[in-house]
Amino acid sequence: YREALAYCGRAMELIPSPPAIFFIIAADLHERLSEFDAAIANAEKALEAEPGNGEAVRIVARVERRRHPNDKALLAEMRSRLEAVTTNNLPFEHRRSVEEELAQISDRLGDVDAAFEHFRRMNEIAQEEAQATRIDKNSYLKHVEDLIAYATEENFKSWRPLPALSVEAGHRAAPTFIVGFPRSGTTLLDQICDAHPDIQVLEEKPCLRQLRDAVEKIGGDYPQALGSLTEDQRQDLRSVYWKALENEGADIKGKLVIDKLPLSIINVALIARVLPEAKIILALRHPVDSVFS
């Protein structure tokens with residue numbers, strides 16, 4: 001966020017009359033950094049340029065809710081300002097954000113029915129966005145079902161034998177993965193691990209996806225292609241993964257690198273085949289807590 005803020009500031013310096021969007025970006029970044037006065041100042045500049053801008057009003061409301069969570073009068077004022085926003089022409093993301101903030105404020109005010117309705121609307125907008133961008137959740141679910149169907153003892157026994165591997169030469173440690181159901185505590189776990197000076201956590205980067213795509217290029221259908229890999233092919237695939245890690249800034253020579261992406265749990269067969277020396281940390285939380293979260 002700090003780096004993004006520096007670029008935003010530089011952009012505003014280069015433009016004689018910066019449009020409202022630059023002030024909105026700056027306000028959002030300051031809010032994320034808990035720099036509330038700067039966030040409000042930039043949001044107000046955006047509102048001077050575009051009175052009634054929904055995203056700017058949303059940022060002001062969020063800052064005031066965070067600064068004064070028990071000031072009922074102020075929260076009621078913020079809710080009124082947000083309710084006056086016209087969201088029809090806003091991007092999906094900003095429409096969702098307005099509904100979410102209305103829900104949060106309503107909850108703080110004890111108006112649970114309104115909070116529930118705004119959260120419902122927020123989710124409805126997310127569904128509209130998925131449809132508009134042609135995201136088909138069923139294709140992902142089918143992919144998971146296909147992986148489950150493939151995961152039989154018979155299929156794994158049919159894999160071409162490959163030699164066991166240890167830590168890669170020149171690497172600090174074996175690759176490590178944090179996986180688990182979303183909302184099961186994986187982020188807290190990765191923050192705990194990342195606090196150690198000898199550990200580096202890569203949070204939710206598509207490194208395994210690049211490895212999976214490389215398998216398909218080499219051997220055809222995934223995951224069936226895993227079974228017929230040769231040792232040379234496996235070494236090539238390992239290089240693809242190391243390169244993907246390094247491109248994300250991983251210090252594989254100096255640190256124990258943890259690749260944290262909860263839903264990588266569906267790719268454990270890929271990990272076991274290409275990176276057999278890898279360690280997998282499975283985050284477990286009661287399913288009710290995960291779903292409720």
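The model is a predicted one. Its protein chain holds 14 helices and 4 strands. Of its 293 residues, 39% count as buried. Taken along the principal axes, the C-alpha atoms fill a box of roughly 70 × 40 × 35 Å.

**Helix α3**

Start with α3, which covers residues 36–49. This helix has 14 residues. From its first C-alpha to its last, α3 reaches 20 Å, close to the 20 Å expected at 1.5 Å a residue. Which residues of α3 are buried? They are Phe 36, Ala 39, Ile 40, Asn 42, Ala 43, Ala 46 and Leu 47. These buried residues pack against four helices: α1 (2–14), α2 (20–32), α4 and α5 (72–83).

**Helix α6**

Now turn to α6, residues 92–108. Its 17 residues should span 24 Å at 1.5 Å a residue, and the end C-alpha atoms are 25 Å apart, which agrees. Just after α6, Gly 110 takes a positive phi of about 80°.

**Two neighbours of α6**

Helices α4 and α5 both contact α6. The table sets out the two pairs.

| Pair | Angle | Axis distance | Crossing |
|---|---|---|---|
| α4 and α6 | about 30° | 10 Å apart | left-handed |
| α5 and α6 | roughly 150° | within 10 Å | left-handed |

Take α4 first, residues 54–67. It packs against α6 at an angle of about 30°. That makes α4 roughly parallel to α6, because the angle is under 35 degrees. On the α4 side, the contact residues are Gly 54, Glu 55, Arg 58, Ala 61, Arg 62 and Arg 65. On the α6 side, they are His 94, Ser 97, Val 98, Glu 101, Gln 104, Ile 105 and Arg 108. The residues of this contact divide into 3 nonpolar, 4 polar and 6 charged.

Next comes α5. How do the axes of α5 and α6 cross? They cross at roughly 150°. That angle is over 145 degrees, so α5 is roughly antiparallel to α6. From α5, the residues in contact are Lys 72, Leu 75, Met 78, Arg 79, Leu 82 and Glu 83. They meet Val 98, Glu 101, Leu 102, Ile 105, Ser 106 and Arg 108 in α6. By class, the contact of α5 with α6 has 6 nonpolar, 1 polar and 5 charged residues.

**A buried loop residue**

One last stop is Ser 264. Where does Ser 264 lie? It sits in the loop between β3 (256–260) and α13 (268–274). Is Ser 264 buried or exposed? Its relative accessibility is 2%, so Ser 264 counts as buried; the cut-off for buried is under 20%. Leaving out residues up to four places away in sequence, Ser 264 touches Val 179 and Leu 208.

Definitions and conventions. Residues are numbered from 1 along each chain as its sequence is written. This is a predicted model: local features need pLDDT of at least 70, side-chain atom pairs count only at pLDDT 80 or more; totals for chains, interfaces and linings use all residues. Side-chain values use heavy atoms; hydrogens and water are left out. Axes are lines fitted to C-alpha atoms, for helices over the stretch in contact, and angles run from 0 to 180 degrees between N-to-C directions. Angles under 35 degrees count as roughly parallel, over 145 as roughly antiparallel, 65 to 115 as roughly perpendicular and the rest as oblique. A crossing is left-handed if the near helix is turned anticlockwise from the far one by less than a right angle, and right-handed if clockwise. Contact means heavy atoms within 4.5 Å. Ala, Val, Leu, Ile, Met, Phe, Trp, Tyr, Cys and Pro count as nonpolar, Asp, Glu, Lys and Arg as charged, and the others, Gly among them, as polar. The expected span of a helix is 1.5 Å times one less than its number of residues. Buried means under 20% relative accessible area, exposed over 50%, partly exposed in between (1.4 Å probe, protein chains only).
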